[in-house]
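Here is a short briefing on one helix and its charged side chains. Look over the sequence and the model before reading on.

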Amino acid sequence: MGIVAKKEIRLFYRFAKIALTYRKMWSGVFLLSIFIAVLSVITPYLSKLAVDKGIAPKNLKTFIIIIGSGGALFLITEALEMAKEFWERCLRIRVSFDLNKKIFSHIEHLPFSWFSQKSTGEHLYKIDCDAAVVAEFIHSSLSQSLLIFPKLIFILIMIFYLSYSMALFSLGIILFLYLPYYFFSKRIGKSYEACITQSEGIFKNLAEVFSHIQLTKVFGRESFALR
């Protein structure tokens, strides 16, 4: 196992420890997401039943029952969606606050030599932006990533039940849509790392400008600072 792989495993283990700290809140968001996903898949099937059992045979009673069921399903889905958004916001605020506190505490206890090598702007970027990205991943992306596979399987089962040829066509489309990510993932990763480096540089310059804003004003260096 290479050094890079070992480093990634250690980082993943540290990240898992942070994520598991909020397992109760995260589990609630995940369960609500599952319920919403199941209900969202049932809605198109009700539309099919409304056409096949209500409109085609001109059965008004059956049509009204199916439409009423669809309306009730829509209201339940919206209520669950509101509850999920509320818990996601609570989780995001909690994670962001805890991460910012941990990062600030860690930076404070670093040796003096560290601060001679890193600028104030880079520290501010880690507290403001990096912590926000991790919080976003924990409260949203992680649950969506784990949810997409059972949701995909459930959708494929439903499509196979309705139309075997359409299910095979859908599988082909899924594989085709994955190819761009497969070919460009490494390039996107390098671009993202370059973007982070540039962003840290921007924060570094901002911190320097605002910490010496009096000198900038006195010597009329506003245009230079802007460039």
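Is Glu-81 buried, partly exposed or exposed? In this predicted model, Glu-81 has 24% relative accessibility and so counts as partly exposed. The cut-off for buried is under 20%.

**Helix α3**
- Helix α3 runs over residues 60-108, 49 residues in total.
- At 1.5 Å a residue, α3 should span 72 Å; the end C-alpha atoms lie 71 Å apart, which agrees.
- Buried residues of α3 include Ile-66, Leu-73, Leu-91, Val-95, Leu-99 and Ile-107.

**The Glu-81, Lys-84, Glu-88 network**
- Salt bridges link Glu-81, Lys-84 and Glu-88 in a network.
- Glu-81 pairs with Lys-84, with 3.7 Å between the closest N and O atoms.
- These two α3 residues sit three apart, about one turn of the helix.
- Lys-84 also bridges to Glu-88, at 3.1 Å between the closest N and O atoms.
- Here the spacing in α3 is four residues, again about one turn.
- Lys-84 is buried, because its relative accessible area is 11%.
- Glu-88 is likewise buried, at 11%.

**The Asp-98 and Arg-94 pair**
- Asp-98 forms a salt bridge with Arg-94; the closest N and O atoms are 3.2 Å apart.
- Both residues belong to α3 and are four apart, about one turn.
- Asp-98 counts as buried at 13% relative accessibility, whereas Arg-94 is partly exposed at 44%.

**Context**
- The whole structure holds four salt bridges.
- An α-helix has 3.6 residues a turn, so residues three or four places apart point the same way.

Methods: Residues numbered from 1 in each chain as written. Predicted model: local features only at pLDDT ≥ 70, side-chain atom pairs only at ≥ 80, totals over all residues. Heavy atoms only, no water. Expected span 1.5 Å × (residues − 1). Buried < 20%, exposed > 50% of the residue type's maximum accessible area, 1.4 Å probe, protein only. Salt bridge = Lys/Arg side-chain N within 4 Å of Asp/Glu carboxyl O.
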